[in-house]
Amino acid sequence: MRLLFIGDVVGRSGRAAITQQVPLLRERWSLDFVVVNGENAAGGFGVTEPILEEFLAVGVDAVTLGNHAFDQREALMFIERQPRLIRPANYPAGTPGRGSSIVENARGARLLVINLLGRIFMDALDDPFATLERELAASPLGRTCDAVVIDVHAEATSEKSALALFADGRASLVVGTHTHVPSADHRILAGGAGFITDVGMTGDYNSVIGMEKDEPLRRFTRRIASGRFEPALGPATLCGVAVEIGPEGLARAIAPVRIGGLLSAAQPDFWA
Ligand code: FE2
């Protein structure tokens, strides 16, 4: 099974990379599933229903979120009717939407997608470890699903590696998101889970983590907000990880994907 996870789509530049590249990559690599973190897709803050539907229309199977999940307040409503939109599972009980979802593709393969939010240097939600234990117990790999991807949206590298090791043996891919900077540590853990600490953003890297630089620089130097954060509009680098998954649901190969924009290009050689 071939899975592509694409990191945090920032604003219009990031969305253009999704609509242009996802149909091409699906075809070129015969992808079974494409999962995208979309929590910064709407002007850097949250996601709207038209953006979600545009992503689904170009071949994205599921969209995950994070700390900006509900920045667009309408998401509190439309998330209830969008089973492919997944917010962090460790929000308090009663939060609209779902923290995990099993999506099925045209070939009948079933992918469990789980989204979690870290608690270090972030608004602390419920314990992500206990939440993950509950989610994995509810849908064991090989029984109710053929593959499992866990998007750990977190600031701290330690928390992301700990959650990955916690899930190892029970997941196909644990992918860190949120920092908007790709890490170089993609690998397969001892129990067969693919892992990368952060997949990076899909956005314009001539920026402060996706935002046009002027307002972030003003806030860092003067400590007073004087305007809005606006996404940078230059060409995006699409950042992701490609994972080949065996019939038992564990990773067999993992490679970074970087296409376009300022970052050096990277593609998997195992699907060439
Ligand atoms: Fe985030």
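Me: Which residue forms a salt bridge with Asp61, and how far apart are the closest N and O atoms?

Reply: First, keep in mind that this is a predicted model. For a salt bridge, you look for a side-chain nitrogen of Lys or Arg within 4 Å of a carboxyl oxygen of Asp or Glu. Here Asp61 pairs with Arg26, and their closest N and O atoms are 2.9 Å apart. Arg26 sits in helix H1 (residues 11-29), while Asp61 is in the loop between helix H2 (49-57) and strand S3 (62-64), so the pair ties together parts that are 35 residues apart in sequence.

Me: Are those two buried or exposed?

Reply: Check the relative accessible area: under 20% is buried, over 50% is exposed, and anything in between is partly exposed. Asp61 has 9%, so call it buried. Arg26 has 21%, so that one is partly exposed.

Me: How many salt bridges does the structure hold?

Reply: There are 13. Another one joins Arg228 to Glu230, with 3.4 Å between the closest N and O atoms. Arg228 is exposed at 67% and Glu230 is partly exposed at 40%. You'll also find a network of salt bridges linking Glu215, Arg218 and Arg219.

Me: Okay, on to sheets. What is the order of the strands in the open sheet?

Reply: The general idea is that strands of a sheet pair through backbone hydrogen bonds, either parallel or antiparallel. In this model, six strands make an open sheet in the order S5-S6-S7-S8-S10-S9, and the pairing is mixed. Strand S5 (100-104) and strand S9 (187-188) are at the edges with a single partner strand each, so one side of each has no neighbour in the sheet.

Me: Which strands run parallel and which antiparallel?

Reply: S5 and S6 run antiparallel, joined by five bridges; Ser100 there has Ile114 in S6 as its bridge partner. S6 (residues 110-117) and S7 run parallel, with seven bridges between them, and Val113 stands opposite Val149 in S7. To get from S6 to S7, the chain passes through helix H4 (residues 128-138), and that β-α-β crossover is right-handed.

Me: What joins S7 to S8?

Reply: Five bridges, and the two strands run parallel. Val152 has Gly176 in S8 as its bridge partner. The chain crosses from S7 to S8 through helix H5 (residues 157-167), in a right-handed β-α-β crossover.

Me: Which way do the side chains of S7 point?

Reply: In a regular strand the side chains alternate between the two faces of the sheet. From S7, Ala147, Val149, Asp151 and His153 point one way, and Val148, Ile150 and Val152 point the other. Seven of the seven residues in S7 (147-153) are buried.

Me: Last one: which residues lie nearest the centre of the largest pocket?

Reply: To read a pocket, look at its volume and its lining. The largest pocket has a volume of about 280 Å³. Its lining has 15 residues, with Phe45, His68, His180, Ile209 and Met211 nearest the centre. By type, the lining divides into six nonpolar, seven polar and two charged residues.

Conventions:
Residues numbered from 1 in each chain as written. Predicted model: local features only at pLDDT ≥ 70, side-chain atom pairs only at ≥ 80, totals over all residues. Heavy atoms only, no water. Buried < 20%, exposed > 50% of the residue type's maximum accessible area, 1.4 Å probe, protein only. Helix = DSSP H or I, 4+ residues; strand = E, 2+ residues; numbered from the N terminus. Pairing = 2+ DSSP bridges. Right-handed = clockwise from strand over helix to strand, strands pointing away. 1 Å grid on protein atoms, 1.4 Å probe; cavity = no way out; pocket = protein on both sides within 12 Å on 5 of 7 lines; lining within 4 Å. Points joined across faces, edges and corners; volume = space filled by probe spheres on them. Nonpolar A, V, L, I, M, F, W, Y, C, P; charged D, E, K, R; others polar.
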